[in-house]
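Trainee: Could we go through this structure together, step by step?
Mentor: Gladly; have a look at it first.

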Amino acid sequence: MLLRLQIHKLLNGYRHPFSIDLETNASCTRKCSYCPTDPKNKTQLDMPTIRSVVDQLREWKFKGIIYPSSYNEPLADKRIVSILEHICKNLPEARVSVNTNGDLLTSELVGKLNDIGVASFNVSLHEPLSPQPEKRLRLISAMYSNVYLVDMRDGRRLFSLFNRAGSVDVGPIKKLPGCFMVDRMTIRADGNVVLCCNDYRKEVILGNVKETSLREIWNEPEYRKLRRRIWFGRYELPICKRCGHEARPNTKLFKDIQSVSSYGQKRMEPVYTPASKRDRSLAPQR
Ligand code: SF4
Ligand code: SF4
């Protein structure tokens with residue numbers, strides 16, 4: 001246990017979150033059965049608040065990962081290019097990784113965002129997905145070494161699904177022995193900072209970035225203690241008691257790994273990867 005605590009401190013030292021989920025808009029182009037997202041929710045985080053978050057992260061010397069998403073499709077936000085440009089310009093030591101369902105992803109957009117400084121793209125393949133978008137996404141992934149495909153379709157997943165803290169039914173669940181999701185800070189499109197990326201219903205609101213600084217929210221003493229308890233698997237909150245990931249063993253795991261790696265070997269040389277970004281790619285997170 002002591003070793004885990006040391007590793008935890010080493011990773012984030014409780015100074016700042018390991019990563020930030022910044023949900024700039026709340027809508028999505030899809031409605032997946034294993035996700036509670038409401039595609040009709042048009043809430044957007046306003047630009048002054050986004051700029052303020054970025055300023056605070058710069059002052060905080062934030063060097064972690066920024067995902068411009070939570071329960072949404074980030075590329076559906078018409079402001080996304082300028083938002084990412086602002087983040088990359090002002091937080092050069094952070095790594096920006098775009099989690100997307102790929103519906104609006106084009107090779108031109110990847111090129112543009114690579115130029116801006118985005119480190120990687122994690123593209124989830126969801127059902128229903130007709131052959132055409134998948135072909136397009138596979139082509140884009142072959143063109144760019146920092147575009148990863150994550151197959152979320154039934155029976156083809158490398159990872160089991162979370163039940164989104166009880167928001168969706170994924171069948172029997174398993175509990176995590178300890179939860180490091182609390183090392184991330186999740187900022188929703190209305191400015192609320194919630195417990196973790198699984199808190200879709202905003203059951204545990206720790207503050208709002210329109211009213212309270214990130215540092216104050218993160219360092220609030222009770223929240224720090226709560227994080228530590230959750231990290232060690234002490235699930236006292238109702239939301240944590242309900243939370244888990246699907247228990248179904250993924251019997252196709254080995255096959256999936258093989259198909260992913262054999263596909264990876266067939267990749268063409270990237271059309272464009274900025275030299276400064278080549279060592280900044282991230283493992284898929286979605
Ligand atoms: S899983 Fe992703 S693509 Fe599907 S509805 Fe949720 S946010 Fe949208
Ligand atoms: S156990 Fe609690 S903190 Fe961890 S992912 Fe589930 S709801 Fe979030």
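Trainee: What should I know about the model and its numbering before we start?
Mentor: This is a predicted model, where local features need pLDDT of at least 70 and side-chain atom pairs count only at pLDDT 80 or more, while totals for chains, interfaces and linings use all residues. Residues are numbered from 1 along each chain as its sequence is written, and chains are lettered from A and ligands numbered from 1 in the order in which they are written.

Trainee: How many helices and strands are in the chain?
Mentor: We take helices (H or I, at least four residues) and strands (E, at least two) as DSSP runs, numbered from the N terminus. Counted that way, the chain has 9 helices and 10 strands.

Trainee: Which word describes how α2 and α3 are placed to each other, roughly parallel or roughly antiparallel?
Mentor: Two packed helices are described by the angle between their axes and the distance between the axes. Axes are lines fitted to C-alpha atoms, for helices over the stretch in contact, and angles run from 0 to 180 degrees between N-to-C directions. Helix α2 (residues 47-59) and helix α3 (residues 80-90) have axes 10 Å apart at an angle of about 15 degrees. Angles under 35 degrees count as roughly parallel, over 145 as roughly antiparallel, 65 to 115 as roughly perpendicular and the rest as oblique, so α2 and α3 are roughly parallel.

Trainee: Which residues of α3 meet α2?
Mentor: Two residues are in contact if their C-beta atoms, placed from the backbone, lie within 7 Å. From α2 come Ile50, Arg51, Val54 and Arg58, and their partners in α3 are Ile83, His86, Ile87 and Asn90.

Trainee: What is the angle between α3 and α4?
Mentor: Helix α4 covers residues 107-116, and its axis is 9 Å from that of α3. The two helices are roughly parallel, and the angle is about 25 degrees.

Trainee: Is Arg164 buried or exposed?
Mentor: A residue is buried if 20 or more other C-beta atoms lie within 10 Å of its own, exposed if 12 or fewer, and partly exposed in between, with C-beta atoms placed from the backbone. Arg164 lies in the loop between β5 (147-151) and β6 (173-174). Since 21 other C-beta atoms are within 10 Å, Arg164 is buried.

Trainee: And Lys61, is that residue buried or exposed?
Mentor: Lys61 lies in the loop between α2 and β2 (65-67), and its phi is near 55 degrees, a positive value in a residue other than glycine. With 11 other C-beta atoms within 10 Å, Lys61 is exposed.

Trainee: Which residues are in contact with Ile173, leaving aside its neighbours within four places in sequence?
Mentor: Ile173 is in strand β6 and is partly exposed, with 19 other C-beta atoms within 10 Å. Its contacts, with those neighbours left aside, are Asn163, Gly244, His245, Glu246 and Ala247.

Trainee: How many charged residues are in the shell around ligand 1?
Mentor: A residue is near a molecule if its C-beta atom, placed from the backbone, lies within 6 Å of it. Among those around ligand 1 are Arg30, Lys31 and Glu73. Ala, Val, Leu, Ile, Met, Phe, Trp, Tyr, Cys and Pro count as nonpolar, Asp, Glu, Lys and Arg as charged, and the others, Gly among them, as polar. The shell has 4 nonpolar and 4 polar residues, and the charged ones number 3.
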